[in-house]
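Please look over the model shown below before reading on. The paragraphs that follow start from a single residue and then widen to the chain.

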Amino acid sequence: MKHRKNIRYIVTIVIIFIVVLTILSVNTSASSGTVIYESEPNDDFGYSNITYDDYDNKGAITSLYDDDFWRVTFDYSGYANFWLGNIPANCNFELAVYTTDSSGNLYLADYGIKTGNSDELVTINVTANKVYYAYIFSANGYSNNQYTFRTKVYPTKLLNVTLHEQDTSVTCSSACAYMTLTYHGVSGVYENDITLHQKQQYGL
């Protein structure tokens with residue numbers, strides 16, 4: 001009789017363990033690697049689709065007049081990557097990241113400068129609970145095939161480099177930021193993307 005009780009106890013523990021693992025698995029899959037598909041209209045800041053840190057976002061630029069806007073907030077401050085990839089062949093899609101100043105005015109924080117259907121990567125410092133907008137548009141070509149857009153935040157700041165963010169005439173591109181980091185001993189640079197003016201501006 002005692003032996004049967006022990007078996008029932010073990011079986012109960014095993015069942016509880018399996019249930020807990022299942023719940024954890026569901027929660028993990030819901031918070032990481034989740035796919036969000038664009039919902040039209042999303043052609044302006046006011047209609048931007050909401051996304052979240054480390055989610056895959058799918059959309060299509062189906063005409064030269066089709067713009068896609070996404071917005072995201074992060075749970076903590078640090079720096080964030082805004083990545084645009086899987087750009088269809090014969091298309092050149094661009095990525096620009098906007099946020100607001102202390103008065104609530106939108107400004108261009110940074111932008112990608114790759115050509116063709118190369119992936120775009122924008123890296124900027126971010127503040128917890130602040131809204132950031134990703135603007136995706138076509139410089140050339142369009143397609144019904146979907147691109148992939150993703151953001152990822154990291155809980156550290158980039159080096160304290162002044163990027164003159166609110167003056168769009170001298171806004172430093174992500175490539176310029178990488179160049180500056182390389183200058184400070186951090187690897188990763190797109191040398192050909194840095195203009196002479198930017199090198200002079202940042203003492204590079």
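In this predicted model, Asp43 counts as partly exposed because its relative accessibility is 36%, where buried means under 20% relative accessible area, exposed means over 50%, and partly exposed lies in between, with a 1.4 Å probe and protein chains only. Asp43 lies in the loop between β1 and β2; strands (E, at least two residues) and helices (H or I, at least four) are DSSP runs numbered from the N terminus. Leaving aside neighbours within four places in sequence, Asp43 is in contact with Asp66, Asp67, Asp68 and Phe69, contact meaning heavy atoms within 4.5 Å. Asp43 and Ile136 are 93 residues apart in sequence, yet their C-alpha atoms are 9.4 Å apart in space. The loop between β1 (35-37) and β2 also holds Pro41, and a cis peptide bond with omega of about 0° joins Glu40 to Pro41.

Two conventions should be kept in mind while reading. Residues are numbered from 1 along each chain as its sequence is written, and side-chain values use heavy atoms, with hydrogens and water left out. Since the model is predicted, local features need pLDDT of at least 70 and side-chain atom pairs count only at pLDDT 80 or more, whereas totals for chains, interfaces and linings use all residues.

The backbone has further features to note, for most residues other than glycine have a negative phi, and most peptide bonds are trans. Asp54, a residue other than glycine, has a positive phi near 70°, and its place is in the loop between β2 and β3. Asn129 is not a glycine either and has a positive phi of about 65°; Asn129 is found in the loop between β8 (120-126) and β9 (131-140). As for accessibility, Asn129 is exposed, with a relative accessible area of 61%, while Asp54 counts as partly exposed at 22%.

Side chains of opposite charge can pair when their charged atoms come close. With a salt bridge taken as a side-chain nitrogen of Lys or Arg within 4 Å of a carboxyl oxygen of Asp or Glu, the count comes to 2 salt bridges. In one of them the side chains of Asp54 and Lys152 meet at 3.9 Å, N to O. Asp54 lies in the loop between β2 (49-50) and β3 (56-59) and Lys152 in strand β10 (residues 147-154), so this pair ties together parts that are 98 residues apart in sequence. Lys152 is partly exposed, with a relative accessible area of 28%. Asp56 forms a salt bridge with Arg150, and there the closest N and O atoms are 2.4 Å apart. Because Asp56 lies in strand β3 and Arg150 in strand β10, the pair ties together parts that are 94 residues apart in sequence. Arg150 counts as partly exposed at 28% relative accessibility.

Rolling a probe the size of a water molecule over the atoms shows where empty space is left. The second largest pocket has a volume of about 170 Å³. A pocket here is an open set of points, on a 1 Å grid over the protein atoms alone, where a 1.4 Å probe fits, with protein on both sides within 12 Å along at least five of seven lines, and lining residues have an atom within 4 Å of a point. Among the residues that line the second largest pocket are Ile50, Tyr52, Arg71, Phe74, Val131 and Val153. Strand β4 (residues 68-73) gives the largest share of this lining, 3 residues.

Seen as a whole, the chain has 3 helices and 10 strands, and its elements run α-β-β-β-β-β-β-β-β-β-β-α-α from the N terminus on. Of its 204 residues, 38% count as buried. Among contacts between residues at least 6 apart in sequence, 69% join residues at least 24 apart.

The average pLDDT, the predictor's confidence in each residue from 0 to 100, is 75 for the chain, and 60% of the residues score at least 70. Confidence is highest in β2, at 98, and lowest in helix α3 (residues 196-201), at a mean of 40. Over residues 19-31 the pLDDT is below 50, and this stretch has 4 contacts in the model beyond near neighbours in sequence. Residues 160-204 also have pLDDT below 50, with 75 contacts beyond near neighbours in sequence. Where pLDDT is low, the predicted coordinates should not be read in detail.

Definitions and conventions:
Grid points are joined across faces, edges and corners, and a volume is the space filled by probe spheres set on the points.
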